[in-house]
Amino acid sequence: MGNGCDMNGDVEKNVDKGLATVERVELLISCLLRIGVITSMVIVFAGTVLTFVHHPHYVRDGGGLAGIKAGRVDWPRSMEQEMTGLKQGRGNALVVLGLVVLIATPVLRVGVSILIFAYQRDGVFVAITALVLALLLISFVLGRAHHLVAGG
Amino acid sequence: MLDHTTPLIFALFIFGCSLVAGFLGSLLGLGGGIIIVPVLTLVLGVDFRYAAGASLVSVIATSSGAAAAYVKEHLTNLRVAMFLEIGTTAGAITGGLIAGIIQPRWLYVLFGLMLAYSAVAMFQKGRHVQGEAPRDRWADRLRLHGKYYDEAEGCEVSYRVAHSWTGLGLMYVAGIVSGLLGIGSGALKVTAMDLAMRLPIKVSSATSNFMIGVTAAASAGVYFARGDINPFIAAPVALGVLIGATAGSKMLGRLKSGAVRAVFLVVLIYIAGNMLYKGWHS
């Protein structure tokens, strides 16, 4: 590490101002991430338990395994199927809901970051973060476009 | 392997593997995906698309779960992360588009070679005394420089960021790899931040862990729309990886940088060999 621990006055002056404001941003975001992850994992776990409760043969014998590995078992692949599955209380619909919450967590983090940088009047980082959010949303749109082109 | 067991035992085995993958991934700034994809495909015979889809979900869980712990230790550089995420998300989109055109075997080979090179470069850096980081006007302007409290050294470490635009370009490449292979490509991110941008390895590990969630979310959106996220496989992977990652994130602050580097070197070489083998034989 060499002189990594030496205090460099020049660096300190430039860095302190940025760090003090960033600290609050980081703590708020970490709190947000934790809530999102715990929520999604509770839903995923509940959905997994429900799946095994609804399919007792999954616990008893190996008949269903090949189908699960190859994806021949049904699970919600669209919003309509997901809503139907949730209404019927299907385990895999609940798992998918939890996974959607999990995927949404980093997206929400980027969204909240924009607001915090705006509050700090850091225009450059509002623009940077907004660009990241725009790219994220574009990726979801492109994923859907690919789905339509491929015909599901 | 495990062809004639019950889905319950299969799920529990995936959960166990994911636990270990999450622990190692968090400790090294990798997403855990690089470990779980070979286990799912080579060992358990899961369809590659589902392995990649489950891996992406686990990458998000790792990143988001461990980030909270990293942030409290002030190892994560949020400004660097946000700046570089422009590159990773753009790359993830590009990777998702190329995925439908190019043969994956060439990407395995390319990725294997790149990791092997990174491992050698990392090893050489570990042996030499670190020079003064060159001045980067853009890093000054965006206020990317930072500091953190090093528990092992027992003092505060200030650092300056260099080559921010090179870093952004490398992050674009890391994003492409993530979109193509369904991994967080944390190894590439850490290497770029460590070697090009001159961040301390603990900061680059924590910042990488913070960033891969956003990269993986961009990739996961595409996989989800295609129906390639299989809940039967993704559920035990996500749960296992998250618990493992939470345990791993509690250890990073207490390790000497040299120890992290040594473990990281071994893992890089192992993954490189794995990638090359897979590309050669597919």
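Predicted model: local features only at pLDDT ≥ 70, side-chain atom pairs only at ≥ 80, totals over all residues.
View 1. Of the 152 residues in chain A, 41% are buried. Among contacts in chain A with a separation of 6 or more, 56% join residues 24 or more positions apart. The accessible surface of chain A is about 8200 Å². Carbon and sulfur atoms hold 66% of that surface.

**View 2. A salt bridge between Asp122(A) and Arg79(B).** The N to O distance is 2.9 Å. This pair crosses between chains. Asp122(A) lies in the loop between helix H5 (91-119) and helix H6 (123-150) of chain A. Arg79(B) belongs to helix H4 (residues 78-99) of chain B. Both Asp122(A) and Arg79(B) are buried. A network of salt bridges links Asp122(A), Arg79(B) and Arg143(B). Over all chains, the structure holds seven salt bridges.

**View 3. Arg160(B) paired with Asp140(B).** Their side chains form a salt bridge at 2.8 Å, N to O. The partners sit 20 residues apart and link distant parts of the chain. Arg160(B) is in the loop between strand E2 (155-159) and helix H7 (164-181) of chain B. Asp140(B) is in helix H6 (residues 137-141) of chain B. Arg160(B) has a relative accessible area of 16%, so it counts as buried. Asp140(B), at 25%, is partly exposed.

**View 4. Glu156(B) paired with Lys147(B).** This salt bridge spans 3.9 Å, N to O; the cut-off is 4 Å. Glu156(B) is partly exposed, with 28% relative accessible area. Lys147(B) is buried, at 14%.

Technical notes: Residues numbered from 1 in each chain as written. Chains lettered and ligands numbered in written order. Heavy atoms only, no water. Buried < 20%, exposed > 50% of the residue type's maximum accessible area, 1.4 Å probe, protein only. Contact = heavy atoms within 4.5 Å. Areas by Shrake-Rupley, 256 points an atom, 1.4 Å probe, with all protein chains shown as cover. Helix = DSSP H or I, 4+ residues; strand = E, 2+ residues; numbered from the N terminus.
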